[in-house]
Amino acid sequence: MSMEPIQSDALVFFGASGDLAFKQIFPALLGLVGDEGVDVPIVGVAKAGWKVDDLRARAKASVESHGPVDAAKLARLLGLMRYVDGDYNDPATFAALKQALGAAKRPLHYLAIPPSLFGVVVGALAASGLNENARLVVEKPFGHDRESAQALNRTLHEHFPEPAIYRIDHYLGKEPVQSIVYTRFANAPFESLWNRNYVRSIQITMAEAFGVDDRGSFYDATGALRDVVQNHMLQVLANVMMDPPTGEDHESMRDQKAALLKAVKPLDGASIVRGQYRGYRQVKGVKPDSTVETYVAVKLSVESWRWAGVPIYIRAGKCLPLTAAEVTVEYKPPPRATFGDEADAPPSYMRLRISPDVGVAIGLRVKHPGEGMTGESVELMLAERAGSLIPPYQRLLGDAMRGNDELFGREDSIDAQWRIVQPILANPPPALEYAPGTWGPEAAEALIGADGPWRDPKPPKAG
Ligand code: BG6
């Protein structure tokens with residue numbers, strides 16, 4: 001938990017009646033108020049015809065749906081809540097918001113609304129003077145492609161300076177993703193092995209066993225590449241591959257991430273496999289002839305001295321055999337065989353588990369007991385823990401209220417992420433059908449070829 005004091009003196013969240021608020025924001029607010037001492041007005045805004053008691057009822061239902069709730073903490077949260085009902089196009093909504101904010105001088109505005117409304121709300125905030133000394137948290141997706149993301153930045157910058165803008169990618173608020181950074185930079189030996197001289201390949205898999213469910217219309221306008229690769233997976237990649245931060249500047253971590261992302265070569269048609277699970281087209285909200293991908297596998301490369309020539313594979317998909325995400329860094333074989341059994345031996349590796357739990361493991365060859373110099377592959381588990389103590393949204397909203405932007409996407413990083421996927425968005429190869437419960441289209445095997453096999457994440461532990 002960050003030690004800086006809370007600086008924002010009010011939290012406004014647009015989209016208070018929405019799905020994201022129910023699933024993520026209310027539980028995050030309960031944690032902030034109940035465990036982190038946040039004690040400022042919390043204003044929900046929506047066009048739902050609600051009164052404040054409806055907002056409180058929704059908040060209560062939300063947090064109770066996540067598990068047992070401490071009544072005193074919930075009462076504190078509900079007591080801080082205020083509500084503004086109205087259309088985002090109507091100046092009266094923002095006049096009412098100003099009133100609800102009372103004496104607050106440094107509000108944080110969180111846009112948990114469809115991106116098509118970002119411009120409208122930001123313009124209206126500015127017209128009412130509510131952008132002064134304020135911070136703005138912007139939900140994903142940040143743009144639909146490179147051009148729209150750049151246009152969105154221009155719109156936001158008309159009314160908010162870059163340091164006041166916090167672009168959320170909830171993957172960055174995950175404990176296991178932070179654990180990657182810690183493991184790398186708190187242990188000197190890894191640094192010497194973390195380059196093209198020793199690393200054979202890097203793989204990242206984000207597998208989800210469930211389908212698109214009730215998000216058909218959102219997903220069908222998005223697809224896996226935009227939904228999780230352009231943002232979450234590329235941010236994980238940056239955490240795994242960036243250079244160590246230098247100096248004391250608090251931007252140095254974000255500088256290194258941006259530098260890494262800018263060095264990734266844009267995708268081309270030969271470096272991607274798109275897939276669609278059988279049955280996707282029958283999901284409510286999905287077009288019956290949709291060509292949107294629910295699975296994607298890509299091969300990337302980083303044009304830097306450290307990483308030149310090291311292939312990077314990322315795959316992500318819905319309706320795969322299990323729900324888990326892992327990074328595997330595979331090491332090159334020894335330069336010559338000493339014992340004769342190396343030829344068929346799998347490579348040494350480091351496995352970084354990022355979902356649903358945290359894990360750091362090393363795969364090595366060890367000798368069989370006995371006279372012969374032959375061995376077997378074993379995995380040494382260095383650390384294994386349950387997932388997040390602090391849910392990602394709580395972590396990130398708390399950071400934004402404290403003015404700590406380290407875990408938020410900077411303009412140049414997000415632009416670099418779009419730059420990587422842009423050629424495919426403009427010209428996608430066909431989406432190949434795969435059976436639900438499998439590891440995606442067979443073409444993904446050809447994509448990884450001799451750099452494979454794909455490393456399937458381990459199933460989550462029961463319970
Ligand atoms: C979201 C995507 O950003 O991340 C979803 O829109 C995806 O499609 C989700 O399921 C995964 O996040 P988590 O935290 O559940 O692993």
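1. Strand 13 (residues 358-367) gives three residues to the lining of the second largest pocket, the largest share of that lining. Strands here are DSSP runs of E with at least two residues, helices are runs of H or I with at least four residues, and both are numbered from the N terminus. The pocket is lined by 20 residues, and Pro334, Asp341, Glu342, Ala345 and Arg365 lie nearest its centre. The space in the second largest pocket comes to about 450 Å³, and its lining divides into 10 nonpolar, four polar and six charged residues. In these classes Ala, Val, Leu, Ile, Met, Phe, Trp, Tyr, Cys and Pro count as nonpolar, Asp, Glu, Lys and Arg as charged, and the others, Gly among them, as polar.

2. A word on the basis of these values: this is a predicted model, in which local features need pLDDT of at least 70 and side-chain atom pairs count only at pLDDT 80 or more, while totals for chains, interfaces and linings use all residues. Residues are numbered from 1 along each chain as its sequence is written, and side-chain values use heavy atoms, with hydrogens and water left out.

3. Pockets and cavities were found on a 1 Å grid over the protein atoms alone: a cavity is a set of points where a 1.4 Å probe fits but cannot get out, a pocket is an open set with protein on both sides within 12 Å along at least five of seven lines, and lining residues have an atom within 4 Å of a point. Grid points are joined across faces, edges and corners, and a volume is the space filled by probe spheres set on the points.

4. The structure holds four cavities of 30 Å³ or more, and about 120 Å³ of space lies in the largest cavity. Among the residues that line the largest cavity are Lys140, Pro141, Phe142, Arg167, Gln230, Asn231 and Gln417. Helix 10 (223-241) and helix 13 (411-426) are the elements that give two or more residues to this lining, and helix 10 provides the largest share, three residues. By class, the lining of the largest cavity has four nonpolar, five polar and three charged residues.

5. Which residues lie around the ligand? They are Lys140, His170, Tyr171, Lys174, Met206, Glu208, Arg215, Asp227, His232 and Lys318, where a residue counts as near if one of its heavy atoms lies within 4 Å of the molecule. This shell divides into two nonpolar, two polar and six charged residues.

6. Taken alone the ligand exposes 400 Å², and the protein buries 76% of that, with areas computed by the Shrake-Rupley method with a 1.4 Å probe.

7. The peptide bond from Lys140 to Pro141 is cis, with omega near 0°, and Pro141 is found in the loop between strand 5 (135-138) and helix 6 (146-159). Asn133 has a positive phi of about 55° although it is not a glycine, and its place is in the loop between helix 5 (118-127) and strand 5.
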